[in-house]
Amino acid sequence: MLKITDLHASVEDKEILRGINLEVNAGEVHAIMGPNGSGKSTLASVIAGKEEFEVTQGTVALDGEDLEDAAPEERAHKGVFLSFQYPVEIPGVSVTNFMKTAINESRKARGLEDMPANKMLKLIREKSELLEIDRKFLSRSLNEGFSGGEKKRNEIFQMAMLEPKLAILDETDSGLDIDALRIVANGVNKLKSSDNAVIVITHYQRLLEYIVPDYVHVLHNGKIVKSGGKELALELEEKGYDWIKQEATV
Amino acid sequence: MAYTEEELKKELETKEYEYGFYTDIESDTFPKGLNEEIVRAISKKKNEPEWMTEWRLEAFRIWEGMEEPEWANVRYEKPDFQAISYYSAPKAADPNKSIDDVDPELLAMYKKLGISVDEQKRLQNVAVDIVVDSVSVATTFKKTLGEKGIIFMPISEAIQEHPELVKKYMGTVVPKTDNFYAALNSAVFTDGSFCYIPKGVRCPMELSTYFRINEGGTGQFERTLVIADESSYVSYLEGCTAPSRDENQLHAAVVELIALDDAEIKYSTVQNWYPGNSEGKGGVYNFVTKRGLCEKNSKISWTQVETGSAVTWKYPSCVLKGDNSVGEFYSIAVTNNFQQADTGTKMVHLGKNTKSTIISKGISAGKSQNSYRGLVQVNSRAENARNFSQCDSLLMGNECGAHTFPYIEAKNKTAQIEHEATTSKIGEDQIFYCNQRGIDTEKAIALIVNGFSKEVLNKLPMEFAVEAQKLLEISLEGSVG
């Protein structure tokens with residue numbers, strides 16, 4: 001589904017990604033771990049098409065199609081979803097209104113009519129129950145005055161609404177208490193199917209106890225320096241990142 | 001029964017055959033320039049009574065002794081008042097012009113606003129196959145309103161038919177001496193609306209100038225007078241949401257509202273006159289004086305969405321004369337490209353327990369300058385006066401400006417005055433967030449701007465709010481590269 005080949009990317013002439021290779025197939029969960037500043041969030045942003053990052057070499061392809069010229073909203077229409085590490089506030093725009101706009105814009109891109117209001121309401125009801133979200137929450141302004149946990153839960157609610165092909169969760173576990181973590185992970189697991197894929201970016205193995213990865217990759221200095229199964233996450237938890245760094249420099 | 005605009009439009013369509021065609025189009029225009037002769041000639045043309053002519057002449061003499069104000073935060077080339085023609089008959093449709101001759105950019109805009117082809121033709125002065133005689137349609141309206149004793153007609157007719165009301169109230173809220181443009185308007189106004197709601201009557205529909213006769217050629221110098229008698233209520237909508245590309249450089253209108261004891265007037269405006277092109281050429285100078293007088297326990301609400309005009313100078317105000325009266329001002333002002341707006345309100349608290357609320361939302365893009373200017377004045381006898389003001393500015397890009405000039409004069413110790421202000425910028429992160437959810441940049445900006453303006457948009461009557469939202473989108477198109 002996703003194929004990243006020798007990807008180099010920089011911001012303001014500073015190279016952050018230095019040759020990433022990654023292949024994610026439908027039905028798989030991949031975890032990307034690594035120390036601070038290793039390029040995890042940059043990788044997520046580059047896949048989503050954020051313009052401040054310049055791709056200097058290599059390709060990102062979705063279902064065999066090079067995404068180079070696709071604008072961020074076009075990537076979203078093709079099924080790329082990013083759960084932000086720091087979701088932004090949009091005052092005066094309710095969660096419901098935002099979702100309605102997002103869904104209808106994606107439908108428009110596919111040549112479909114707006115989703116009828118009753119269907120939209122039904123979908124909202126279903127997905128908010130899945131994430132144990134109080135419906136009052138949905139009429140509040142997007143992320144304005146939300147707690148850290150509420151913001152993250154709202155991100156996964158949006159993912160549930162949009163049903164993406166490829167979901168990238170960027171440090172979704174940070175700022176979550178254990179109950180919220182369980183609810184969020186539970187939501188992600190229910191959305192998982194043989195047709196979609198998830199990339200989980202995290203520092204800690206805590207989230208991976210709930211969302212169990214098929215593959216774990218360690219990112220260091222803009223490169224994937226080690227890949228393995230879920231046991232690699234446990235090893236990292238135990239030993240830290242230093243041995244990986246040493247291994248990488250050797 | 002809620003009379004919707006849709007129903008009105010339908011009525012308009014079905015009435016057109018019944019009442020035949022209107023073809024009598026005047027074509028005379030006065031020579032350029034302004035002097036006593038011209039003022040007299042305007043009055044004569046309108047068949048006005050002697051007192052009206054004298055009223056105009058007095059205003060003209062006052063105007064002659066005045067100078068154009070320069071205190072506003074706007075820069076423009078002053079109009080040459082002797083180079084303007086002060087009376088021009090309604091523009092006739094040009095039979096040789098077809099819809100194909102109209103600027104395609106403008107047509108695209110009309111399409112977005114959902115304006116019908118016939119309406120587009122009317123706006124562009126293109127001959128329409130069937131000329132609707134709006135007088136007849138307006139007559140059916142008048143009947144419905146007439147049953148309640150409501151008077152709604154062009155001010156020139158009101159001068160003929162209800163001189164006692166016009167004489168009693170015109171110039172009492174905005175006197176001829178008020179300011180340069182108000183004096184000019186008093187001397188040369190050619191059209192406008194008059195509305196009177198009798199005691200205890202709640203006007204059953206939103207009164208809109210859209211359906212008033214002669215609306216096609218909006219006067220350069222419009223004069224509006226709305227009187228709500230004791231315990232009455234009226235909601236008045238001004239302006240058409242179609243972007244009329246009016247060639248008139250100068251618009252100096254005067255609007256006076258009078259709310260007698262226990263009455264309420266809600267006055268909503270959507271202004272989108274030609275703002276000039278993206279290089280700052282052309283566009284309308286909109287120098288408007290709007291003021292309302294509140295008697296005991298009465299309420300006046302001004303709501304405005306200002307997206308057009310090259311230069312705007314406008315301060316819809318309330319004089320809270322009666323005890324317990326309430327004044328409100330809700331405003332969205334959008335400036336893009338080279339537009340300049342200096343707009344706000346004056347709340348003058350004279351009576352006891354008077355309350356005022358000011359919510360102003362300024363949105364600046366391009367190289368535009370957007371200023372809020374407001375005065376909250378509490379008189380020495382105005383015990384327990386309260387005011388709440390909130391002025392928010394939203395900036396797009398790095399070349400525009402937002403300014404706030406709040407003036408407060410409190411002469412009574414019991415006054416409570418609150419002022420809040422914020423300035424924010426549409427961030428790239430906000431846009432990327434929307435993009436990532438499948439919303440393109442233009443739509444994202446519209447969403448953010450609508451969210452920012454929500455408190456004011458909510459004050460507009462339903463169908464107006466929808467059009468105002470679309471208008472905000474269109475006004476800001478292309479503002480982020």
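# Two chains, read from a predicted model

Reader: I'm new to this one, so how many helices and strands are there in chain B?
Author: Chain B has 12 helices and 19 strands, where helices (H or I, at least four residues) and strands (E, at least two) are DSSP runs numbered from the N terminus. This is a predicted model, in which local features need pLDDT of at least 70 and side-chain atom pairs count only at pLDDT 80 or more, while totals for chains, interfaces and linings use all residues. Residues are numbered from 1 along each chain as its sequence is written, and chains are lettered from A and ligands numbered from 1 in the order in which they are written.

Reader: What share of chain B is buried?
Author: Of the 481 residues in chain B, 49% are buried; a residue is buried if 20 or more other C-beta atoms, placed from the backbone, lie within 10 Å of its own, exposed if 12 or fewer, and partly exposed in between.

Reader: And how many residues of chain B are in contact with chain A?
Author: On chain B, 17 residues are in contact with 20 residues of chain A, contact being counted when the C-beta atoms of two residues, placed from the backbone, lie within 7 Å. The elements that give two or more residues to this side of chain B are α10 (428-436) and α11 (441-457) of chain B.

Reader: What does α11 of chain B meet over in chain A?
Author: One helix to look at is α3(A), whose buried residues pack against α11 of chain B, and also against α2 (72-77), β7 (90-94), β8 (141-142) and α5 (148-162) of chain A. Those buried residues are V95(A), F98(A), M99(A), T101(A), A102(A), I103(A), E105(A) and S106(A).

Reader: Why do positions in a helix a few places apart point the same way?
Author: An α-helix has 3.6 residues a turn, so residues three or four places apart point the same way.

Reader: What span should α3 of chain A have?
Author: The 15 residues of α3 (residues 95-109) of chain A should span 21 Å at 1.5 Å a residue, and the end C-alpha atoms are 21 Å apart, which agrees; the expected span is 1.5 Å times one less than the number of residues. Just after α3(A), G111(A) takes a positive phi of about 75°.

Reader: How do α5(A) and α6(A) pack, then?
Author: α5(A) and α6 (residues 178-191) of chain A pack at an angle of about 10°, with their axes 10 Å apart. They are therefore roughly parallel, a term for angles under 35 degrees. Among the residues that make the contact are I156(A) and M159(A) of α5(A), with I183(A) and V184(A) of α6(A).

Reader: Switching to strands, in what order do the four in chain A's open sheet run?
Author: The order is β2-β1-β4-β5 (chain A), with antiparallel pairing, and two strands pair if DSSP finds at least two bridges between them. The edge strands, β2 (14-24) and β5 (65-66) of chain A, each pair on one side only. Strand β1 (residues 2-11) of chain A and β2(A) pair over eight bridges, and K3(A) has E23(A) in β2(A) as its bridge partner.

Reader: Last topic: is E171(A) buried or exposed?
Author: E171(A) counts as buried, because 21 C-beta neighbours lie inside 10 Å. E171(A) is in the loop between β9 (166-170) and α6 of chain A, and has a positive phi of about 45° although it is not a glycine.

Reader: Which loop holds N47(B)?
Author: N47(B) is in the loop between α2 (36-45) and α3 (50-64) of chain B. N47(B) is exposed, with 10 other C-beta atoms within 10 Å, and its positive phi is about 55° although it is not a glycine.

Methods: Axes fitted to C-alpha atoms, helices over the stretch in contact; angles between N-to-C directions. Parallel < 35°, antiparallel > 145°, perpendicular 65-115°, else oblique.
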